[in-house]
Amino acid sequence: IMDSKRDMTDALELLKWQLELGVDENVGNIPLNRFSDHSQSDEVKVGTPVSTQQKIPNISSAITEAESRAEQSKTLDQLKASLANYEFCDLKKGSRNLVFSSGDPDAEVMIIGEAPGREEDIQGVPFVGRAGQLLDKMLRPIGLTRNKDQINDNLINTAYICNVIPWRPPHNRDPNTDEIEMMLPFLKRHISLIEPKIIVALGNISCRALIGQTGITKLRGNWFDFDETPLMPMCHPAYLLRNNSAKKDAWSDLLKIKEKLEDIA
């Protein structure tokens with residue numbers, strides 16, 4: 001009886017995991033046992049015909065395709081559509097939503113995170129979970145808000161927020177090199193369309209993509225250039241939630257961003 005209950009518990013946990021990844025319906029009328037020794041021809045009979053399957057290119061071809069689509073995107077709407085139609089990043093298959101951006105496209109500060117989490121994947125908006133709530137609280141003391149309607153005497157500038165990766169990686173794992181390289185052309189185009197005066201790179205993945213370096217605790221607090229745009233690496237808010245002692249350094253970084261904004265103005 002105990003084994004039966006344990007099997008049922010394991011099955012429920014597996015089902016919850018599949019639902020979290022967005023699996024909400026069966027594909028095909030015939031179950032496929034992937035643990036048995038099926039030949040490729042057997043799998044094709046119960047799956048999609050080979051003639052209608054999309055051929056996935058190698059990583060070099062996938063990056064070339066990303067570069068072409070990004071270059072052809074002349075507006076943010078076109079860029080979002082190009083990403084939505086890009087089929088060569090496997091992360092898309094396990095995600096509920098494309099998480100494109102949040103904030104004011106005319107903002108002077110562009111904040112670039114790493115990848116969506118569970119709440120972001122559900123809502124299709126970056127930084128709406130606990131880390132996002134902390135980010136909003138961090139921005140207010142230096143006069144920044146992502147909501148243009150909140151502009152007042154204390155909040156005098158807007159921010160625009162996106163991620164390096166627009167789809168949630170399974171179990172919130174770090175994106176791998178291929179995934180970052182495929183998304184980089186879209187990210188660079190995103191930055192060129194926003195034309196920010198300051199870029200804030202949150203976490204190691206963002207720094208790796210934008211300045212080719214990692215080691216956020218050493219990079220943070222120092223100015224770098226991305227295509228002649230000042231870039232400030234900062235610890236990700238998710239890291240700050242786990243490490244209260246790092247919030248002092250984050251405040252120091254925020255003050256440097258505020259000072260830079262005042263110099264630019």
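A contact is defined here as a pair of heavy atoms within 4.5 Å. Among contacts in the protein between residues at least 6 apart in sequence, 70% join residues at least 24 apart. The model is predicted, so local features need pLDDT of at least 70 and side-chain atom pairs count only at pLDDT 80 or more, whereas totals for chains, interfaces and linings use all residues. Residues are numbered from 1 along each chain as its sequence is written, and side-chain values use heavy atoms, without hydrogens or water.

The protein contains eleven helices and seven strands; these are DSSP runs numbered from the N terminus, with helices being H or I of at least four residues and strands E of at least two. Of its 265 residues, 40% count as buried, that is, under 20% relative accessible area with a 1.4 Å probe and protein chains only. The accessible surface comes to about 15400 Å², of which 47% belongs to carbon and sulfur atoms; the Shrake-Rupley method with a 1.4 Å probe was used.

Grid points are joined across faces, edges and corners, and a volume is the space filled by probe spheres set on the points. Two cavities of 30 Å³ or more are counted.

In the table, Ala, Val, Leu, Ile, Met, Phe, Trp, Tyr, Cys and Pro are nonpolar, Asp, Glu, Lys and Arg are charged, and the others, Gly among them, are polar.

| Space | Volume | Lining by class |
|---|---|---|
| Second largest pocket | about 700 Å³ | twelve nonpolar, seven polar, eight charged residues |
| Largest cavity | about 80 Å³ | nine nonpolar, two polar, no charged residues |
| Second largest cavity | about 50 Å³ | ten nonpolar, no polar, no charged residues |

The second largest pocket is lined by 27 residues, with E114, A115, H236, A238 and R242 nearest its centre. Elements giving two or more residues to this lining are α5 (118–123), α6 (130–139), α8 (204–211) and α10 (237–242). The largest share, four residues, comes from α10.

The lining of the largest cavity includes L83, F100, C162, M183 and H190. Both β4 (157–163) and α7 (177–194) supply at least two residues to it, and α7 gives the largest share, four residues.

Residues lining the second largest cavity include V109, L135, V200 and L254. Two or more residues of this lining come from each of β2 (109–113), α6, β5 (198–202) and α11 (247–264).

Terms used:
On a 1 Å grid over the protein atoms alone, a cavity is a set of points where a 1.4 Å probe fits but cannot get out, and a pocket is an open set with protein on both sides within 12 Å along at least five of seven lines; lining residues have an atom within 4 Å of a point. Buried means under 20% relative accessible area, exposed over 50%, partly exposed in between (1.4 Å probe, protein chains only).
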